[in-house]
Amino acid sequence: MTKKNVKNEPMFTAHKTQLCYSPGAVLREGKAYFRSNLLPLTEEAFKNIVNSPKTERLIDKYRQDLQTLGSNTNADESKHLLDILCLQGAFDLEAYNQYCRQCVIEGRKPKGERNAESMKHIAQVMIDLDHVESPRDLWQQALAIAREKKLEKHLLLAHITPSGDGLRIVAEYTPEMMDMELKDVQAEWCRLLELPPSDSACKDISRGSFAPKADDILHLDNRLFSPALLPQKAKPVRSHTAKETRAETQAQNTYPTHDEMGNDLKELAHTL
């Protein structure tokens, strides 16, 4: 691997919970390899991503390929190289370290950072609408309904998806939604805005969203980057066996922390 200068790149600090994104996939021998590491998704990082010539070039090529290749995997190559935004959950460093230790105890290999075990629920939800005839018109209709129902203040982001025929909306939970499951909040927002059903694949808080280009952003509220955490639901507590206790002690002593893995993550995020 060829190392690049990453001295000034932002990384997560101890016990910090925040919105994040995963750098675009790496293309090797014609195959896309998705990265599993995360970087902080600040307002500045978001603007850099959507205004990047690379983002615009990849999306334009993806749309051209869709015209000539249809939904062929060859057309998906450009899309897979886009950065992936995580807009329904916030990465939690403490939770990730605990998850890694638990994997060691159970004798399984930890997944990368972008997984539900390493994230906390936040008070915002993603609505993903595919195969829309006119995403801009559908957004204008939804926005008019939101204004009529005095819900516009809860809309944080709207953009046309990389395919050009999809609409993605991020909205915050209203007070009435705080105790609802994620999929139910999605369904309720679709009902309120009179939209078709959202893609069911977005029910996982670690679900990523391919980054849009600046020209495709229809609405942006900067509160998107400072989401409120939802109250964590208590998990059932189970007593460890003596064997599990010994394994846990070993895991705490031998498994590297996120900070110790930081240099490797930086290198992975900035190669190729």
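At the start of α2, which residue's backbone nitrogen does a side-chain oxygen of S52 reach?

Mentor: It's K54: a side-chain oxygen of S52 comes to within 3.1 Å of the K54 backbone nitrogen. That counts as a polar contact (N or O atoms within 3.5 Å, one able to donate a hydrogen and the other to accept it; residues adjacent in sequence count only if both atoms are side-chain atoms). Before we go on, bear in mind that this is a predicted model, with pLDDT of at least 70 needed for local features and 80 or more for side-chain atom pairs, while totals for chains, interfaces and linings use all residues. Numbering runs from 1 along each chain as its sequence is written, and side-chain values use heavy atoms, leaving out hydrogens and water.

Now the helix itself. α2 covers residues 53-69, 17 residues in all, a helix here being a DSSP run of H or I with at least four residues, numbered from the N terminus. From first C-alpha to last, α2 reaches 23 Å, close to the 24 Å expected, which is 1.5 Å times one less than the number of residues.

Next, its two sides. T55, L58, I59, Y62, R63 and D65 are buried in α2 (under 20% relative accessible area; exposed is over 50%, with a 1.4 Å probe and protein chains only). Down the axis of α2, these buried residues fall within an arc of 160 degrees, so they line one face of the helix; the arc is taken from directions running from the helix axis to the C-beta atoms. P53, R57, Q64, Q67 and T68 sit exposed on the other side of α2.

And just past the end of α2, G70 has a positive phi of about 70 degrees.

Terms used: Helices (H or I, at least four residues) and strands (E, at least two) are DSSP runs, numbered from the N terminus.
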